[in-house]
Amino acid sequence: MFCLAYQAYGQASDNEGKVEKVIVENNSTSVIANDTIDLGFTKKGRKEIVGAVSAIRPESYLNYDNTQWVRNALLGRITGLYGSDNIRGLGDAMIVVDGIPGRSIDLLNSEEIEQITVLKDANAVAQYGAMGRNGVIVVTTKRGSSQFRRANVIVNYGVQAPVSLPSYLGSADYMGLFNEARLNDGLDSVFSQQQIDNFRSGENPYQYPDVDFYSDQYLRPRTQYANVLAEFSGGSENTQYYINLGYNNSGSLVRLNPDANAGSHRFNVRGNIDFKVNDFISSSLDVVSVVSSTKTAKANLLQEGMTRKPHIFSPLLPVSLIDTTLNEELSGQVEAANIYSGSLLGGSQAYQDNTPVADVLAGGYNEYISRITQVNNAIDFDLSQLAQGLSAKTYISFDFYNTYALSVNNTYSIYEPTWSNETGSPQSIVALNRLGDQDRKDLTENASTQNFITRYGFYGMLTYDKQIGEKHSLNTSLIGFANNMYIRNQAQPQKNTHVAFQAAYSYDNKLLLDFSAAYVNSVKLPEGNRGKFSPTLGLAYVVSEENFLENSAWLNYLKLKASAGTINTDYGIEDYFLYREIYEQNGGGYSWADGFNNESTRILQGRNDNFGFEQRKDLNLGFETILFNSLWMEMNAFQSDIDKQVTRLNNQYPSYYVDFMPYSNYNLDRYQGMELGLNYADYLGQVRVDIGARGMYANSERIRVDEKYDDVYQNREGQSIDAYWGLEDQGFYGAEDFNEEGMLRDGLPMPAYGDVQAGDIRYIDQNKDGVVNDQDQVNIGRWRAPWTYSTNMRLEYKGFSLFVLGIGETGHQNILEGDYFWVDGDDKYSDVVLNRWTPETARTATFPRLSSQQNNNNFRNSTFWMYDNSYFRIQRAQLTYKLPRAWVNNINMEHISVYVAGSNLVEFARHKEKRQLAGLSSGFFSTMYRSFSVGLRAKF
């Protein structure tokens, strides 16, 4: 047989001084074959698990990759995972923290986590009932130990900066281009050439402003953040404890009014206590509290900068430009006004209620505070006196989430200036028109509750573990589970209840059979149809346990596995009353001979007593192995059908029956693909080398859809679930496409989205009916990457460790949209319009002609706005130095290391600039950040 070392480095010695082989380090990419995996309700050895399961222990990577945010830590580390919480493309996975579903991993730091386990296939998630629909991520926090006491301190300080910021045109360029847009629409110019020249000169930026909220006048180039964590654990034979304390804060990019733009702060404390009641009863009590706050000014300059045009008015008026020598009234105004760093708050008559800089400096602040408390209690019963191998457990939990806002709402005056008419010298302000309210501070702090959620859960479990002879073993469990969540202002609580059963049989530690099932219940369904049985079956064969492989030099471990099953779920059912008939009062009017009466009732939704669960039907085939004492490999091929999805069957009822149409179970989507993970760990001389790679191909297809299109090419059936539907472009219309009257020439299809002219986007008429409209939309791409991959490398030499993690995606597209890219009407101009279509740039233009009107033809989903979204990014890198043990022992410490780290360091992509600004497509400011940090880890 082979030796498996746990968290081993180099060679390990036994008690007699003999040297054992190191097989695979328990690192960030895999869990070695004999490790114990926490599956939420139960724990099993890696070799005993039949389902598709991957796990990591943060303790194994934190020494060389100090990533405290759990979402960031998961990125690129586990096979089968999109991002941080989407398993195989099915959707957001259920997060289970210490046995409780629905909790957020964002409340945790990596330091307090013992293990993260990803349950992927139906057999692995069956015990979670309906909640396992999209897979489950199980997070287990640390416990204390009676064997040793531990104290760790981690300090991290860093800076982060936006990778890119929006690039908008200045005042003069905006004015000139807006005039061009007006002329394109047959309208007169708005700005004179003299006005444009005045703004372009820059001689008086307060009279002729060129305001850019993304400049260093308003924003810092970077912001700071800090994390401080401490953990303590220990105990005696009867009582063990674990305590985790943390604080982190991050600053704001906004330079103005740092008291209001104070950034965010978070405090967390966790206490996990285990204690022995008597010889057969033990218990645990966990208490978690997290308090976080974010304080911002009354306006968000990052968001306002996307719409505020640069020329409207100067938000600040320097007092030095105000000429009070000949005007006593003006002098009194200035003396009575609030002055901010030598300036008055500027404004205009037209925009006196929309002054973001004034809001930031004088409007007050908003502070959003979140308070979270979680309490768990578990009681374990050893019932071996009744029957050998029998045990029981009860688990009860309470969560309280309270989010509220504090605000101070000041009023203030703004001033519209009148400039002198002097020429040949700098002009001055000779009069001020006070606008807005009086300068008045809000003397109260106003509080309002944003959200209040309470959740309580319970499960009871009975387990029987029996060894039968030398070669047979049986492990069974029965679980009763209930989880209720109450959300303020929601009349119907969210409830989940089920009973789960598992029977796991093992023959000679090499043939494994796992039958896991749940009987789920849902109040979202009609009575008589609220319960359903969800069976799954898994088989595994540990080939390496065969005698003929016992002394194999190249094959240390190999397990083949297969599983199939059905998960009945109500997670795709959004409402609790979709099965009922719904009526609406005052749904229309009716009249009688004696007059008109609008009191009426109409039906909105028909009844369906056969309305039932959605189903996930699953198949998984895979293997995991260790080769040559150094190489870990795992692979899974999978198929998941999401069947009986809820829809209204429009094509199975006549059009006049719409109001009576019920909701039904019909649509079927399929997800299938393969995932592969590799990790090699060994020594090359004195250098420890650890290299890993993970990849996944995941495709999706709509198998059955209730639909009816006039043209077959528009059918969603047979297409990917993540398809983009839009028009195929043919470039721009040219002058040759129009006759002398400005009408499209005969033979060209007529667009249905408004009048067009040269410089507008031309689309393919797919059905050749002479009209370009929505019937010509086709599948033009997909928004989710079918191929995802990651790779990591760690080199360790004499206390130095270098870690690099890269992630990538390929095979998908993105569509530019939003006012940053789709510029028409009164939108602010970004630099994407510089390469606009004009008669002179017709051959090279990449942007349509400018228009001052709403242009429905140009700005819609089409291949014109689509780009390849593939990329590879160096996500993280860290250089760590571990101080020599002799130095550390001299100061009575066990471990000290220092490090420098960076994240989002460099990206390789064909359309990198578009990707970096894609966050603006939604109409809200969003950008990627690059960060650098230094830190210290100390273990006592």
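Reader: Which residue in E11 is the bridge partner of Val97?

Author: A word of caution comes before the reply: this is a predicted model. The general idea for strands is that, in a regular strand, the side chains alternate between the two faces of the sheet. In the present case, Val97 has Val139 in E11 as its bridge partner. The strands concerned are E8 (residues 94–97) and E11 (residues 136–141), which pair in the parallel sense over 4 bridges.

Reader: In what order do the strands of the open sheet lie, and which are its edge strands?

Author: The order is E5-E10-E11-E8-E9, an open sheet of 5 strands with mixed pairing. Its edge strands are E5 (53–56) and E9 (100–101), each of which pairs on one side only.

Reader: How many bridges join E26 to E27?

Author: There are 11 bridges between E26 and E27 (residues 531–542), and the two strands run antiparallel. Within this pairing, Leu512 stands opposite Ala540 in E27. E27 also pairs with E28 (residues 555–569), in the antiparallel sense and over 7 bridges. There, Thr536 has Gly565 in E28 as its bridge partner.

Reader: Let us turn to helices. At what angle do the axes of H4 and H5 cross?

Author: Two packed helices are described by the angle between their axes and the distance between the axes. For H4 (residues 171–184) and H5 (residues 193–201), the axes cross at roughly 155° and come within 8 Å. Angles over 145 degrees count as roughly antiparallel, and therefore H4 is roughly antiparallel to H5.

Reader: Which residues of H4 and H5 meet?

Author: From H4 come Ser171, Ala172, Asp173, Met175, Gly176 and Asn179, which meet Gln195, Ile196, Phe199 and Arg200 of H5. By class, the residues of this contact divide into 4 nonpolar, 4 polar and 2 charged.

Reader: How many cavities of 30 Å³ or more does the structure hold, and how much space lies in the largest cavity?

Author: The structure holds 6 such cavities. The largest cavity has about 140 Å³ of space. It is lined by 15 residues, and those closest to its centre are Leu39, Asn123, Ala124, Gln502 and Asp514.

Reader: Which elements each supply at least two residues of that lining, and how do the lining residues divide by class?

Author: Helix H3 (122–125) and strand E26 (511–521) each supply at least two residues of the lining of the largest cavity. The lining residues divide into 8 nonpolar, 5 polar and 2 charged.

Reader: Finally, where do Asn257 and Lys768 lie, and what are their phi values?

Author: Asn257 lies in the loop between E14 (239–250) and E15 (263–276). Its phi is near 50°, a positive value in a residue other than glycine. Lys768 is found in the loop between E40 (761–763) and E41 (771–772). For Lys768, phi is near 55°, again a positive value in a residue other than glycine.

Note on methods: Residues numbered from 1 in each chain as written. Predicted model: local features only at pLDDT ≥ 70, side-chain atom pairs only at ≥ 80, totals over all residues. Heavy atoms only, no water. Axes fitted to C-alpha atoms, helices over the stretch in contact; angles between N-to-C directions. Parallel < 35°, antiparallel > 145°, perpendicular 65-115°, else oblique. Contact = heavy atoms within 4.5 Å. Nonpolar A, V, L, I, M, F, W, Y, C, P; charged D, E, K, R; others polar. 1 Å grid on protein atoms, 1.4 Å probe; cavity = no way out; pocket = protein on both sides within 12 Å on 5 of 7 lines; lining within 4 Å. Points joined across faces, edges and corners; volume = space filled by probe spheres on them. Pairing = 2+ DSSP bridges.
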